Amino acid sequence: MGRKIKIGFLGNTCNYAYFYAKYFQNHPEIEAICFIEHTNISRDYPWWDDSSIDRESLPSWIVLLPSFKFPGGLLSHGNKLKFVLKKLQECDLIHSFGLISSIWALRSKKKFIYNSYGDIISTPFIQNYFSVKNWFRAYLSRIILKKATRIFLNQTIDIDFAIRLNVYHKSILIPLLYD
């Protein structure tokens, strides 16, 4: 057996990245790393769903990252954010959940999977024509969807939006692991 493929799971909204990385921990051909962004939302940390995880002594496959504030944190080149890019560039593939994580995956110049958790429905479309931030989000979303190697859709309603955005050919409808 050759070298394991290193997959980084990024964007831990509702612990999606954690559940995927944990699922692949015993796979003989995959080294799964869970990247968790610092956030004030309790449910986005593994210990919210898994009492066996101790926040003071995390397993080596869980890496805590600094917060990615939108949009400033995404454009910054500070030392903390260089650390994030370096960690992502060590991966062979990045499985990202949502817009912010996918921007980091794109910046790493690695192949990445964009995993929608319902955000494909609205993010690429401009909701408020008077908001520069909204225009910017929509623009970045469309770039991410075009550049993603694969797109995982978690809801059947996402299919229509993938077709409208001309990315259905690389989309897969896949339920979440715990569904």
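Student: How many of the six residues of β1 are buried?

Tutor: This is a predicted model, in which local features need pLDDT of at least 70, side-chain atom pairs count only at pLDDT 80 or more, and totals for chains, interfaces and linings use all residues. Residues are numbered from 1 along each chain as its sequence is written, and side-chain values use heavy atoms, with hydrogens and water left out. Strands (E, at least two residues) and helices (H or I, at least four) are DSSP runs numbered from the N terminus; buried means under 20% relative accessible area with a 1.4 Å probe, protein chains only. β1 is mostly covered, and its buried residues number five.

Student: Which residue of β2 is the bridge partner of F9?

Tutor: Two strands pair if DSSP finds at least two bridges between them. β1 and β2 run parallel and are joined by six bridges. The partner of F9 in β2 is C34.

Student: What is the handedness of the β-α-β crossover from β1 to β2?

Tutor: The chain passes from β1 through α1 to β2. A crossover is right-handed if, with the strands pointing away from the viewer, the path from the first strand over the helix to the second runs clockwise. This crossover is right-handed.

Student: What is the strand order of the open sheet?

Tutor: The sheet has seven strands with parallel pairing. Its edge strands, each pairing on one side only, are β3 (62-65) and β7 (171-173). The order is β3-β2-β1-β4-β5-β6-β7.

Note on methods
Buried means under 20% relative accessible area, exposed over 50%, partly exposed in between (1.4 Å probe, protein chains only).
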